Structure formats: C-alpha cells, structure tokens
Amino acid sequence: MTTPVAIVTGSAKGIGLAIAQDLTRRGYRVVVSDLEAEAAEQAAAGLDGAIAVPCDVRDEDQVRALVAAATDHYGRLDLMVPNAGIGVVAPILEMDLAAWRAVTSVNLDGVFTSLRWAAPAIIASGGGAIVTIASVTGTTGSPLISSYAAAKAAVLNLTKTAAVELRAHGVRVNAVAPGFIGTDLVTAAAPEFERNLGLDEGGFGPVVEAKQGRFGTTGDVARAVGFLADPEQSWVTGSVLTLDGGLTSSLL
Ligand SMILES: NC(=O)c1ccc[n+]([C@@H]2O[C@H](COP(=O)([O-])OP(=O)(O)OC[C@H]3O[C@@H](n4cnc5c(N)ncnc54)[C@H](O)[C@@H]3O)[C@@H](O)[C@H]2O)c1
C-alpha cells in the first residue's frame, strides 16, 4: 500500500502541529512547514518519517519550492493543509491598510498559493485532498478582527470554488471552521479583546467558555481535518465542518 504524504503549513506549533501529529498517527508522512525554521525542525524531529521545510506562505516561490521538496523527498503528494495564519485585533477605525494586508497576505493569499501549487502535485499523484483552516468568523460579523474574518470568509469561498474546479481531477477540497481554540493566537489576542470590549483582565476566557461550553483543543481540529482528508469520504467536497461547541448556533 502506498504511504500517503501531507504538507501542513504553519505546523511548528498550535493547531498545525496537532494536525501533523494526528496525520502521522493515521499513517501519513508529513512535511512540517513553517516560517520559523528551527521550530519546524524540532516539531518534525518528534514525528515518525516527517521532514521540515521552512516556508513563508506569503512568498509564492517559497510555496512552489515547498511542494517540490515534498515530491522530491517522498515522490508524491496526497494532502495539503494550508493552516498558517495570524491575527490582528483592532477596531476598523484604528486599522490601516498595512495592518489589514499583514493578515490577508498570510490568511488568504497564503491559502491561495498553497492550494494553487499543491493541486498539480496532488493531481499528478492520482488525486487526494485539500483541507483549509477557516473559522467561524468567516460566516459571522466579527468585531475587532475585520481583516481576519474577511480573509476567512474568502477562504470559505475559495474552498467551495476549488472543490468544483478540482472535482474532475480527483481532488476534494473542504474546510474546517473552528471557534476559539486555546492556542498562542488566542492567548495573545485576549488582552486586546478585553480592552476593546470593556472586560476585566482575564475576562475573555469565561465569555468564550460561556458561549462554547469550553475552549476547543488543537486535537478537536486535527481530528476533523483527519476525517475530511480520509479517502473514504470520497463524496465529501466543498463542505465546511464547523467545530464550535454551539457558539454559532445560538442567538444569545
Ligand atoms: N486558535 C483559534 O482559535 C483558531 C480558530 C479558528 C481558526 N484558526 C486558524 O488555525 C490556524 C492555526 O492557528 P493557531 O491558533 O494554531 O495559531 P498559532 O499562532 O499557534 O500558530 C500559527 C503558526 O503559523 C506560523 N506562521 C505564521 N505566519 C506564517 C507564514 N507567513 N508562513 C508560514 N507560517 C506562518 C507561525 O510561525 C506558527 O507556527 C490559523 O489559520 C488560524 O487562523 C485558529
């Protein structure tokens, strides 16, 4: 049986690392890729059969080189998970274009480049899957994170469009849309949310827990990615799997 190969961008830590770990358990060989080269090396060293390839997903040439590194090393590519992402917390009235683009260049352009250049390699390997990491913010108004939410909304549309375009080539494209997960991304953003929402210091966590039941874990997201990536889900494409403990199901 052929051993499947996956690339996970932004996988030196957080959700991406959990996805890389989960895929390794599922029998994939994983390319751990990140802006932070040393952290990627360390993460890959802990995974059976993994390699580390540094890549800034904002740079199309680096993304092309990342895909080439995967196919050169393993001879194939079955799955791309464009996971790399950042956040900026600021009201629209305080946001300038540079801050806007800092987010969209990673969270939208970086997903496009990853999908664009992985797809031909996956097709050449006989088909496979792409699982994008969107967010519940892609479907709701999301005060204080306009650039992040707009990028995630665009990722959802890109996912559906790519699903239709790539169907005939045997590539399924799906998204996960998580609520708040307890990673560095959220920990770093919490004080700005608290300041702008008039919450006490430390008040952000309890608000999230009240609306989601609990914070999501990186494993929650990784297992959903594994489900969507599984070739057994051969009719699942263009789908969005929401993981939010009911956050977006309730008006109050
Ligand atoms: N944490 C959440 O609540 C949450 C919820 C929904 C969706 N997401 C999404 O999940 C993904 C991972 O988020 P996380 O919470 O694990 O964040 P994180 O900050 O813990 O990890 C992000 C990783 O991406 C890397 N990265 C940043 N910019 C990069 C670039 N230009 N090129 C390559 N790598 C880059 C970082 O070095 C880091 O290793 C992001 O797309 C994020 O938007 C997170």
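The side chain of Ser105 comes within 3.2 Å of the backbone oxygen of Ala102. Ser105 itself is placed in helix H4, which spans residues 97–124. The model described here is a predicted one.

**Surroundings of the ligand**

- The ligand is surrounded by 28 residues, and the closest of them are Asp34, Asn83, Tyr148, Ile181 and Thr183.
- By class, the residues of this shell comprise 15 nonpolar, 7 polar and 6 charged.
- Helix H1 (14–25), helix H5 (146–167) and helix H6 (184–197) each contribute at least two residues to the shell around the ligand.
- Two domains take part: domain 1 (5–179 + 217–233) and domain 2 (180–215) each provide at least three residues of the shell.

- An oxygen atom of the ligand lies 2.6 Å from an N or O atom in the side chain of Tyr148.
- A polar backbone atom of Asn83 is found 2.7 Å from an oxygen atom of the ligand.
- A polar backbone atom of Leu35 is 3.3 Å from a nitrogen atom of the ligand.
- On its own the ligand has 830 Å² of accessible area, of which the protein covers 94%.

**Aromatic pairs**

- There are 3 aromatic pairs in the structure.
- The ring centres of Phe180 and Phe193 are 6.5 Å apart and the planes stand at 90°; because an angle over 60 degrees counts as edge-to-face, this pair is edge-to-face.
- This pair joins distant parts of the chain, 13 residues apart, with Phe180 in the loop between strand E6 (171–178) and H6, and Phe193 in helix H6.
- The ring centres of Phe180 and Phe204 are 5.4 Å apart with planes at 85°, so this pair is also edge-to-face.
- Phe204 belongs to helix H7 (residues 204–212) while Phe180 lies in the loop between E6 and H6, so their pair ties together parts that are 24 residues apart in sequence.
- Through ring pairs, Phe180, Phe193 and Phe204 are linked into a cluster.

**Burial within the aromatic cluster**

- Ser105, in helix H4, has a relative accessible area of 16%, so Ser105 is buried.
- Ser142 is located in the loop between strand E5 (128–133) and H5.
- With a relative accessibility of 14%, Ser142 is counted as buried.
- The side chain of Ser142 reaches the backbone oxygen of Thr137 at a distance of 3.4 Å.

How values were computed. Residues are numbered from 1 along each chain as its sequence is written. This is a predicted model: local features need pLDDT of at least 70, side-chain atom pairs count only at pLDDT 80 or more; totals for chains, interfaces and linings use all residues. Side-chain values use heavy atoms; hydrogens and water are left out. A residue is near a molecule or strand if one of its heavy atoms lies within 4 Å of it. A polar contact is a pair of N or O atoms within 3.5 Å; within protein, one must be able to donate a hydrogen and the other to accept it, and residues adjacent in sequence count only if both atoms are side-chain atoms. Accessible areas come from the Shrake-Rupley method with a 1.4 Å probe; for residues, only the protein chains shown count as cover. Helices (H or I, at least four residues) and strands (E, at least two) are DSSP runs, numbered from the N terminus. Ala, Val, Leu, Ile, Met, Phe, Trp, Tyr, Cys and Pro count as nonpolar, Asp, Glu, Lys and Arg as charged, and the others, Gly among them, as polar. Domain bounds come from an automatic or database domain assignment. Rings of Phe, Tyr and Trp (its six-membered ring) pair if their centres lie within 6.5 Å; planes under 30 degrees apart count as stacked, over 60 as edge-to-face and the rest as tilted. Buried means under 20% relative accessible area, exposed over 50%, partly exposed in between (1.4 Å probe, protein chains only).
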